[in-house]
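Please walk through this protein model with me, from its overall layout to its core and its surface.

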Amino acid sequence: MKVKKLNILLITLLLLTSCVKEESYKDIPYANINVTIYPDNTEYIELNTIGGWVYLTAPSPSKGIIVYRISSTHFKAYERTCTFDPNDPNARVVV
């Protein structure tokens, strides 16, 4: 009986100590970006249809913004900075 309890204790300790905490990226830069677009402008003609999208440039540290038209009155904007490795200058979110 003591051997069984000892084995359970050792297995539990082994499982608890073998877990490795994943590295978290805390250096994703915060950036306030204020962009105004007019979808009726010919520069953003892709946004005139539902499902249309366009890339926008934004000031650093942003790598740009993707604007997507969901409905006739709703848009979504996505930051292109890669959250997996924000320090890689070539890592981007691509549609």
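How many helices and strands are there in the protein? The model, which is predicted, has 1 helix and 3 strands. Read from the N terminus, the elements run α-β-β-β.

Start with the overall numbers. The protein has 95 residues, and buried ones make up 19% of them. Now take the contacts with a separation of 6 or more. Residues 24 or more positions apart account for 28% of these.

Next, the interior. In soluble globular proteins, nonpolar side chains tend to be buried together. Here the largest nonpolar core holds 7 residues: Tyr 44, Leu 47, Val 54, Leu 56, Ala 58, Ile 65 and Val 67. Two strands each supply at least two residues of this core: S1, spanning 53–56, and S2, spanning 65–69.

Is Val 54 buried or exposed? Its relative accessible area is 10%, so Val 54 counts as buried, the cut-off being under 20%. Setting aside neighbours within four places in sequence, Val 54 is in contact with Tyr 44, Glu 46, Leu 47, Ile 65, Ile 66 and Val 67. Take Val 67 from that list. Val 54 and Val 67 are 13 residues apart along the chain, yet their C-alpha atoms are separated by 5.4 Å.

Leu 56 is another member of the core. With neighbours within four places again left out, Leu 56 is in contact with Val 35, Ile 37, Tyr 44, Gly 64, Ile 65 and Val 67.

Which residues make the nonpolar surface patch of about 480 Å²? They are Trp 53, Tyr 55, Tyr 68, Ile 70 and Tyr 78. Ile 70 sits in the loop between S2 and strand S3, which spans 75–79. With a relative accessible area of 40%, Ile 70 is partly exposed. A residue needs over 30% to join a patch. Trp 53, at 35%, is partly exposed. Tyr 55, at 34%, is partly exposed as well.

Trp 53 and Tyr 55 have one more feature to inspect. The structure holds 1 aromatic pair. Trp 53 and Tyr 55 form it, in an edge-to-face arrangement. Their rings are 5.2 Å apart centre to centre, with 70° between the planes. The pair counts as edge-to-face because the angle is over 60 degrees.

Note on methods: Residues numbered from 1 in each chain as written. Predicted model: local features only at pLDDT ≥ 70, side-chain atom pairs only at ≥ 80, totals over all residues. Heavy atoms only, no water. Core = buried A, V, L, I, M, F, W, Y, C linked by side-chain atoms within 4.5 Å. Buried < 20%, exposed > 50% of the residue type's maximum accessible area, 1.4 Å probe, protein only. Helix = DSSP H or I, 4+ residues; strand = E, 2+ residues; numbered from the N terminus. Contact = heavy atoms within 4.5 Å. Patch = residues over 30% accessible without salt bridge, like charges linked within 9 Å, V, L, I, M, F, W, Y side chains within 5 Å. Areas by Shrake-Rupley, 256 points an atom, 1.4 Å probe, with all protein chains shown as cover. Salt bridge = Lys/Arg side-chain N within 4 Å of Asp/Glu carboxyl O. Phe/Tyr/Trp six-rings, centres within 6.5 Å; stacked < 30°, edge-to-face > 60°.
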